Amino acid sequence: MPDFAVDLLTAHREAFPAGTRGEVFTDSSGGPLRRTLFRARVWRPSLARAGLLRTVNRLGHFKWRAAWVDTEGVEWSAEFTTEREAVSHVAKMAPGGLRFHDHGSRTRLRRSLTIR
């Protein structure tokens, strides 16, 4: 595992204790996240921050622009006061995105990465 990932996971563990069975990411009661919650709260925002679901750009102090393309190829954008809101919006609105269980098929993986 890369050093930066170890550092990030260590910091996460210091801020958020492990779940009852050693889970890294937990819900508010300390239990495991459901797959859909993990996808919505962790995975898709990570894809948005990495630019894989289009872009989130800072326009100025308290001003962020989110841009994404819908399933018909129409480009959309909206402005927000925080980066978190912009990232959440792209994660919610942009279609596609690599699914964390797509490791089994190169065809599915290729199709998932064709999101722009």
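Arg65 counts as partly exposed, because its relative accessibility is 33% (buried means under 20% relative accessible area, exposed over 50%, partly exposed in between, with a 1.4 Å probe and protein chains only). This is a predicted model, in which local features need pLDDT of at least 70 and side-chain atom pairs count only at pLDDT 80 or more, while totals for chains, interfaces and linings use all residues. Residues are numbered from 1 along each chain as its sequence is written, and side-chain values use heavy atoms, leaving out hydrogens and water.

Arg65 forms a salt bridge with Glu79, their closest N and O atoms being 2.7 Å apart (a side-chain nitrogen of Lys or Arg within 4 Å of a carboxyl oxygen of Asp or Glu). Arg65 lies in strand S2 and Glu79 in strand S3, so the pair ties together parts that are 14 residues apart in sequence (strands are DSSP runs of E, at least two residues; helices are runs of H or I, at least four; both are numbered from the N terminus). Glu79 also meets Lys63 in a salt bridge, at 3.6 Å from N to O. Through shared partners, Lys63, Arg65 and Glu79 are joined into one network.

## Another salt bridge

The whole structure holds three salt bridges. One of them pairs the side chains of Arg21 and Glu23, at 3.6 Å from N to O. Arg21 is exposed because its relative accessible area is 66%, whereas Glu23, at 15%, is buried.

## A look at helix H1

His12 sits in helix H1 and counts as buried because its relative accessibility is 19%. Beyond its neighbours within four places in sequence, His12 is in contact with Val24 and Phe25 (heavy atoms within 4.5 Å).
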